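Me: I have a structure open here and would like to go through it with you piece by piece. Could you start with whatever I need to know before we talk about which residues touch?

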Amino acid sequence: MIRFENISLQTQDHLILNGVSFEIARGEKAIFFGPSGSGKTTILMCLIGGAVPTAGTVLFNEEPLTTRTLPHLRQTVAFIGQEPVLGAAGVREALMLPFSFRANRARTPSEEQIQEVLKNLLLPPDILDKQTTVISGGEKQRLAVARALLLGKTVFVLDEITSALDPQSRLAVLTFFRKPELTLISVSHDPEWMELGTHFFKVEKGQVTAQNTPPVFREIKV
Amino acid sequence: MQVMDMSWGALASIFCLLAIPVIILRIAGVPLLRQMFSATGRMTVQLVLVALYLEFIFRLNNFWVNSGWILTMIVIANLTITRNAGLQLRRMFTPLLAGLAVGTLPMVGFFVCLAIQPEPFYDARYLIPISGMVLGNCLRANVIALERFYSAIRADAKTFITYLSLGATLQEACRPYLRQALQASLVPTLSTMATMGLVSLPGMMTGQILGGSAPMTAIKYQIAVMLAIFCAGVITAFANIIFSLRAAFTPYGLLDQDIFSR
């Protein structure tokens, strides 16, 4: 489904990624871990077209990522960061934001669909009437997930999403992402999140130095 | 009504007034004396040269010379906007030139050809000062709009990529930033319009009255020119942002950091 072939990313004075190769199939739950500044987030960025490799090829469903295929990838893959961006003042407005874009207008969800998704993520119905400035970080994370679900996305690119969650939100998120039909490409140092993983990639100095070896806890450091 | 000219001697006596700010700045220890004399000197020399040039142009009153002069003003305005907005001239010159031309030329054309209707239509006495006023006011609006737009996207990179990853096109992802930039750029002109005549008498109107025009004639010109300035400001700010998108973003929809000069 997703394949990195010898990806490198060089800025003017720094080699951020150096020949990164890996493959992730549909339904797999991949976790990248390694020291801070090793290039984990840049790998995620290359995957969603948020950074452009200087060498190598990113393949999505066997098609190279180009300006032609990028819109399809961005409509299929959901990206959620450590501090999710909701992009609107009100919660309902934030949830409906992607449906104001032409590409998603036909998928505008019904009130029942919205309520069902909120329920699945243990979010109260009245959260829709709140402002995004007054809800917790955990609720924001779950709303970002809810928005991706309403868009029908099944591939999630996640950057340390459990790092600042309260126990209730953590449980809701972990339970949700266990679903076998979801594909995860994530960066995490959270031991509980590691239990979700089916594939592990250790990243050091811009390279994947170990694959499919679950980290021992002492390796999990930021 | 006879226009009362000012003698050069009278003008020179006005320079004596500068003694007052000199004394105040000295007492307050404000280190601006050199700048004050430099600015005063530059203003005098520049305006004398402009007067000489305008007298020459008015006498010549040639369509091509007038058009060339307006084009020169647009190019200089463009250079100033690009530099003050912190953008790279090499990347932004052409799209911003197009934006300025699209916004100012139709406004000036409408104002001169339909509102004033001089004979000939390219009469330098109307065409050049009005172009100067419209361009001069667009300058500030465009610096604010472009600076706000690009620096907001630069500072808000995560939000921007989130919009893209939620299926927004480049134009859709830019829309909130465009909205904020236009708002910020137009508020000063709107405030000026709202307080005009109450807080200050506008320069053009004052100039016309001093030049012998009836106040009612002067205000008609002032209202028309303010409307032209506002419309040109909206059009140029909008067009400059839209026209510059292709130069400023990579094919992946990411802001190219090389567009910034600082």
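Reply: Two residues are in contact if their C-beta atoms, placed from the backbone, lie within 7 Å. Please keep in mind that this is a predicted model.

Me: OK, then which residues does A:Leu174 touch, leaving out those up to four places away in sequence?
Reply: Leaving those out, A:Leu174 touches A:Glu192 and A:Leu196. A:Leu174 itself is found in helix α6 of chain A, which covers residues 167–177.

Me: And why does A:Leu174 count as partly exposed?
Reply: A:Leu174 counts as partly exposed because it has 16 C-beta neighbours inside 10 Å, and a residue is called buried at 20 or more and exposed at 12 or fewer.

Me: How far is A:Leu174 from A:Gln12 in space?
Reply: From C-alpha to C-alpha they are 39 Å apart, and in sequence 162 residues separate A:Leu174 from A:Gln12.

Me: Switching to confidence: what is the average pLDDT of chain A?
Reply: The average for chain A is 88, with 96% of the residues scoring at least 70. Over residues 218–222 of chain A, however, the pLDDT is below 50, and that stretch has eight contacts in the model beyond near neighbours in sequence.

Me: Now the sheet in chain A. What's the strand order?
Reply: The order is β6-β7-β8-β3-β9-β10, six strands of chain A in an open sheet with mixed pairing. At the edges are β6 and β10 (207–211) of chain A, each of which pairs on one side only, and the twist from one strand to the next averages 20 degrees.

Me: How many bridges join β7 and β8 of chain A?
Reply: Five bridges join them, with β7 at residues 155–159 and β8 at residues 183–187 of chain A running parallel. Within that pair, A:Val157 stands opposite A:Ile185 of β8(A).

Me: Which strands does helix α1 of chain A lie across?
Reply: Helix α1 (residues 40–47) of chain A lies across β3 (29–33), β7, β8 and β9 (199–204) of that chain, and runs at about 140 degrees to β8(A).

Me: On to the partner: how many residues of chain A are in contact with chain B?
Reply: On the chain A side there are 18 residues, in contact with 16 residues of chain B. The largest share of that chain A side, three residues, comes from α2(A), and by class the chain A side divides into nine nonpolar, seven polar and two charged residues.

Me: What secondary structure does chain B have?
Reply: Chain B comes to 10 helices and zero strands, and its C-alpha trace spans about 70 × 55 × 35 Å along its principal axes. Of its 262 residues, 28% are buried.

Me: Which residues of helix α7 in chain B are buried?
Reply: In α7 (residues 157–165) of chain B, they are B:Phe160, B:Ile161, B:Thr162, B:Tyr163, B:Leu164 and B:Ser165. Their cover includes α2 (70–76) and β6 (77–80) of chain A together with α6 (124–155) and α8 (170–195) of chain B. Following α7(B) is B:Gly167, whose phi is positive, near 100 degrees.

Key. Residues numbered from 1 in each chain as written. Chains lettered and ligands numbered in written order. Predicted model: local features only at pLDDT ≥ 70, side-chain atom pairs only at ≥ 80, totals over all residues. pLDDT = per-residue confidence, 0-100. Helix = DSSP H or I, 4+ residues; strand = E, 2+ residues; numbered from the N terminus. Pairing = 2+ DSSP bridges. Axes fitted to C-alpha atoms, helices over the stretch in contact; angles between N-to-C directions. Nonpolar A, V, L, I, M, F, W, Y, C, P; charged D, E, K, R; others polar.
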